Amino acid sequence: MTWGPNPAPVTVDVPCGAPLTLTWDTGSDLMHNVVSIPAADCSKDGQLLFGTTSKGTWTTTFPPGTYFYKCSEEGHCSKGHMLLTVNALAC
């Protein structure tokens, strides 16, 4: 899926064992990253999973559960809605 500004936070369901890939290419100096956070809340701090770049691809698979990600670049989560909830379905 494309990792970039959305009109609202996004929720996706991922089948058990299936990979999820986030890709972005801003074509400019605009930067994005992928940060794992403990809740669907842009104010939460988290773990940087993929560094800040103008072009990138990040892929992972999940055990069953719910996971939350944001872009921590200034305003991207709160203003640009780069907030993602992943529901990894049970096997």
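**Disulfides, aromatic pairs and sheet of the chain**

C16 has a relative accessibility of 31% and therefore counts as partly exposed; buried means under 20% relative accessible area, exposed means over 50%, and partly exposed lies in between (1.4 Å probe, protein chains only). The model is predicted, so local features need pLDDT of at least 70 and side-chain atom pairs count only at pLDDT 80 or more, while totals for chains, interfaces and linings use all residues. Residues are numbered from 1 along each chain as its sequence is written, and side-chain values use heavy atoms, with hydrogens and water left out.

The secondary structure comprises seven strands and zero helices; strands (E, at least two residues) and helices (H or I, at least four) are DSSP runs numbered from the N terminus. The C-alpha trace spans about 40 × 25 × 25 Å along its principal axes. Of the 91 residues in the chain, 33% are buried. Among contacts with a separation of 6 or more, 62% are between residues 24 or more positions apart, where contact means heavy atoms within 4.5 Å.

An open sheet is formed by five strands in the order β1-β7-β6-β3-β4, with mixed pairing; two strands pair if DSSP finds at least two bridges between them. β1 and β4 are the edge strands, each pairing on one side only. From one strand to the next the twist averages 20°; axes are lines fitted to C-alpha atoms, for helices over the stretch in contact, and angles run from 0 to 180 degrees between N-to-C directions. β3 and β4 are paired in the antiparallel sense over four bridges. V35 has L48 in β4 as its bridge partner.

T85 lies in strand β7, which covers residues 83–88. With a relative accessibility of 13%, T85 counts as buried. Apart from residues up to four places away in sequence, T85 touches V10, T11, V12, A40, T66, Y67 and F68. G80 is located in the loop between β6 and β7 and is buried, its relative accessible area being 14%. Neighbours within four places in sequence aside, G80 is in contact with P5, N6 and G75. The C-alpha atoms of G80 and L48 are 19 Å apart in space, and the two residues are 32 residues apart in sequence.

Two disulfides are found in a search of the whole structure. A disulfide is here a pair of cysteine sulfur atoms within 2.5 Å. C16 is joined to C91 by a disulfide, with an S to S distance of 1.5 Å. This pair links distant parts of the chain, 75 residues apart: C16 is in the loop between β1 (10–14) and β2 (20–25), and C91 is in the segment after β7. C91 is exposed, with 77% relative accessibility.

A disulfide also joins C42 to C77, with an S to S distance of 1.9 Å. The link of C42 and C77 is left-handed, with -75° about the S-S bond. Here too distant parts of the chain are linked, 35 residues apart, C42 being in the loop between β3 (32–37) and β4 (47–53) and C77 in the loop between β6 (65–70) and β7. C42 is partly exposed at a relative accessible area of 25%, whereas C77 is buried at 5%. With the bonded cysteines numbered in sequence order, the pairing is 1-4, 2-3. C71 is in no disulfide, and the nearest cysteine sulfur, that of C77, lies 8.2 Å away. C71 is buried, with 1% relative accessibility.

Four aromatic pairs are found in the whole structure. Rings of Phe, Tyr and Trp (its six-membered ring) pair if their centres lie within 6.5 Å; planes under 30 degrees apart are stacked, over 60 edge-to-face and the rest tilted. The ring centres of W24 and F50 are 5.2 Å apart and the planes are at 90°, so this pair is edge-to-face. W24 is in strand β2 and F50 in strand β4, so the pair ties together parts 26 residues apart in sequence. W24 is buried, with a relative accessible area of 5%, and F50 is partly exposed at 24% relative accessibility. W58, F62, Y67 and Y69 are linked into a cluster by ring pairs.
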